[in-house]
Amino acid sequence: MIIKRTELSWLERMYFPTLWSGLRVTARHFYDTLFRGGRVTMEYPEQRWTVPEGYRGAPYLVKDAEDRTKCVSCQLCEFVCPPKAIKITPPGPAVDPTTGNVEKRPREFEINMLRCIFCGFCQEVCPEEAIFLMKDYSLTGLSRKEMIYDKEKLLSLGGVHNDQIRKWKKKEAEAASQEAFKPE
Amino acid sequence: MSTATAANTETKPPAPAVETVRVKVDGRVVDVPRTLPDWQGKPQPTTMLQACAIAGAEVPHYCYHPKLPIAGNCRMCLVEFGTPMMGPDRKPVLSEDGSPKIARSVLPYEPGTPRGAIACATPISPGMEIYPSSPATKQMREAVLESLLINHPLDCPICDQAGECKLQEYSVEHGQAESRFAEVKVHKPKQVDLGPRIMLDDERCVLCTRCIRFSRDVAQDDALGIVNRGSHNSIAAFPGRQFDNNYTLNTVDICPVGALTSKDFRFRMRVWFLKETRSVCASCATGCNILISSREESVYRYEPRQNDAVNACWMCDSGRLNYKWIGREDRLLNVRSSRSGARAWAAVVAEIAETLRSAPQGSVAVIASARQSTEELYLLKKLAAHLGALTDSVERLGEGDGFLVNADRNPNTNGARMTGICFTEVGIQIPKIAQGIRSGRIHTLIVFGEDVTRHGIDSETLSKVSTLIVSDILPNETTRRAHFLLPGCAYAEKRGTFVNAKGRLQRFLKAVEPRGEARPEWEFLQELVHQVTGENLGPGFEALFNRMAKDVPALASAGVEWGKVGDLGAPLTL
Ligand code: SF4
Ligand code: SF4
Ligand code: SF4
Ligand code: FES
């Protein structure tokens, strides 16, 4: 879409009104700091902004209420990620007897936080609601390696997501309820 | 295709004129042949599906496969059609403008409702009109897809087929977005162990029976069937039987959904990351055409590529799974000369050239491998001819199975014969070479891609050789004893050609980068030949191939050129 610029009136073209409104802000802060004891700067990083709802910070993995990794290693986020920050190692053909009816989950899941641009595509594409952009906006580390977050770290930072999907539990229950009718 | 084909067909009698039938597809007039070859190549009346394909209208289908007998059970290919109306006098009824009136096929008890027919099994007739994109056809497709999805698990995020799944594709193209199914889906067995290489997910199966027909009619091993009734229909191996013939993995390819999965490829990579490279299987002399799927320089799977002159749509399991050695940890990675301690290609090649130039005529022998490309064998032969060297390669025999697997397990024996590396009988020079070494007449041995200690030249004889020049991919007794070691490439890492058992020249292309310092053999052989004989066969691969195509009589008579060989190869007269 092309948006047409509106013509400036002659008053606007003189710049004085905009200059004046800028000066008003400066004057207000000046007055506030001087007489009201209010502060406009923040002692970062001891003090931090609380970011609003829906803020897009660093992406982390979440677990479901049964403490299962929600991610199924579909690699859609790896595919969609514009800066190629995500690297997933799929589990391979071996069946893991300890995971019950969970058929597939990532063997390794890495996000390079130096590359991640917090765009949220991974969260949007994820069919399992397993990855979310959380509120962390300032990530630091002493080496590049440290900034590549692995599966354990991502899961512990992401915590539990209490939604009603519970894919594996429901599948298990449904299949079990049909056992009785299973023609054998 | 290539001029080779033209030259070969010249002698045959001209094909008889094809009898055609005129039909209309979506209102467009097309003339299609009256008969077309069926899955066995026998002429059969052309079907509506084939007529639509000729007219450029794809009809979605699951159970139909050009290389399998027709079953007509999935109903995905339903289309609306019409035939010319016949009067009581058996003459076509004409409309006012003189064109024949078309009777759209309708339900007998409900003349207002169109009746579709399965395009895969309905032969065409003259004047027929097919409507692959009419509203009625669309509705039929929607209904079929809806019924297929009733109990489908929608496992796409964990399903290996996702990305190459016909159910996904047709659902997007012809299905509806919303599901009206409110009940609980029927659950069927998952992760069923069908055989050593196949795992089945019964919930995802659309019961097209392609796998059953393939095993019964193509692999001649009637191992699979459908058990249970209604929604509980599932594919299973007969009780007490394993689905374990040498062609099982083809069912994974033809299964239109993710029901049959390869245990080897299962959960290893999503298909949309895979790069496909056209290549040729190197596990036997048949030379099945394949696609190599790779990602980030590692190979994930082989799949057959259709070539009706060689392997149709199939390949054997042993060939398909024979790729793991390419990524083995113990690959030879470094070039070395244990004489001078040189560790760089240029220095080592120059040193070898120096040694060979000063070698007296007849004091050198070459043992090449029929697993090497024709170009490399040609270069080795050039070198040998200059040095007056005996040459041969190693025979590798197994058992043929009468279908695809050839008893000759070397992919390029005919290439070795053609270039003059070996005689019709492979390996008869090796005892002579061994004798020559023992008598001290031969003191320089060039070995490519074979462990000669296991093929007629024991380690004791080998230790008598004063200069041993070896190129290989994996370490073995011969490479350990080498004075000059030149790490080579797997065929997936370079370009080249093989000549298969039937004398078909086939190209393979590069899928992944060579490991370490390894270089394609043709590359350093070209340098070596240049330095020893003064003859430059380059520059580059294509020039080398085209040069060889002029030099080797079998290639010259077929008039091949790299650019003209094509993806399906060119037949040669050997
Ligand atoms: S998109 Fe979701 S389920 Fe798929 S790999 Fe990424 S986090 Fe896992
Ligand atoms: S068979 Fe196709 S539609 Fe079914 S789960 Fe697999 S990818 Fe999805
Ligand atoms: S397993 Fe696959 S090939 Fe076999 S019937 Fe089912 S859908 Fe068809
Ligand atoms: S493709 Fe025609 S019925 Fe299956």
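1. Two strands pair if DSSP finds at least two bridges between them. Helices (H or I, at least four residues) and strands (E, at least two) are DSSP runs, numbered from the N terminus. Strand E3 (residues 108-112) of chain A runs antiparallel to E5(A), and two bridges join them. Asn112(A) has Ile148(A) in E5(A) as its bridge partner.

2. A word on the source. This is a predicted model, in which local features need pLDDT of at least 70 and side-chain atom pairs count only at pLDDT 80 or more, while totals for chains, interfaces and linings use all residues. Residues are numbered from 1 along each chain as its sequence is written, chains are lettered from A and ligands numbered from 1 in the order in which they are written, and side-chain values use heavy atoms, with hydrogens and water left out.

3. Chain B has an open sheet of six strands with mixed pairing, in the order E19-E24-E23-E22-E20-E21. Strand E19 (336-337) and strand E21 (390-393) of chain B stand at the edges with a single partner strand each, so one side of each lacks a neighbour in the sheet. Strand E23 (residues 467-472) and strand E24 (residues 484-487) of chain B are parallel, with four bridges. Asp472(B) is opposite Pro487(B) in E24(B).

4. Helix H14 (residues 521-533) of chain B packs on this sheet and touches E22, E23 and E24 of chain B. Contact means heavy atoms within 4.5 Å. The direction of H14(B) makes about 155 degrees with that of E22(B). Helix H11 (residues 430-438) of chain B lies across strand E20 (364-368), E21 and strand E22 (444-448) of chain B, at about 130 degrees to E21(B). Axes are lines fitted to C-alpha atoms, for helices over the stretch in contact, and angles run from 0 to 180 degrees between N-to-C directions.

5. Look also at the hairpin of E1(B) and E2(B). Strand E1 (residues 20-25) and strand E2 (residues 28-33) of chain B run antiparallel, joined by six bridges. Val23(B) has Val30(B) as its bridge partner in E2(B). Two residues lie between the strands, and Asp26(B) takes a positive phi near 50 degrees.

6. How many residues of chain A are in contact with chain B? There are 22, and they meet 25 residues of chain B. The two chains bury about 2100 Å² between them, 59% of it on carbon and sulfur atoms. Buried area is the accessible area (1.4 Å probe) that two parts lose on being put together, summed over both. The interface holds three salt bridges, each a side-chain nitrogen of Lys or Arg within 4 Å of a carboxyl oxygen of Asp or Glu. Glu103(A) forms a salt bridge with Arg266(B), with the closest N and O atoms 3.2 Å apart.

7. Two loops deserve a check. The peptide bond from Tyr44(A) to Pro45(A) is cis, with omega near 5 degrees. Pro45(A) sits in the loop between helix H2 (16-36) and strand E1 (59-61) of chain A. Gln220(B) is not a glycine, yet has a positive phi of about 55 degrees. Gln220(B) lies between helix H5 (210-218) and strand E13 (224-227) of chain B, in the loop.
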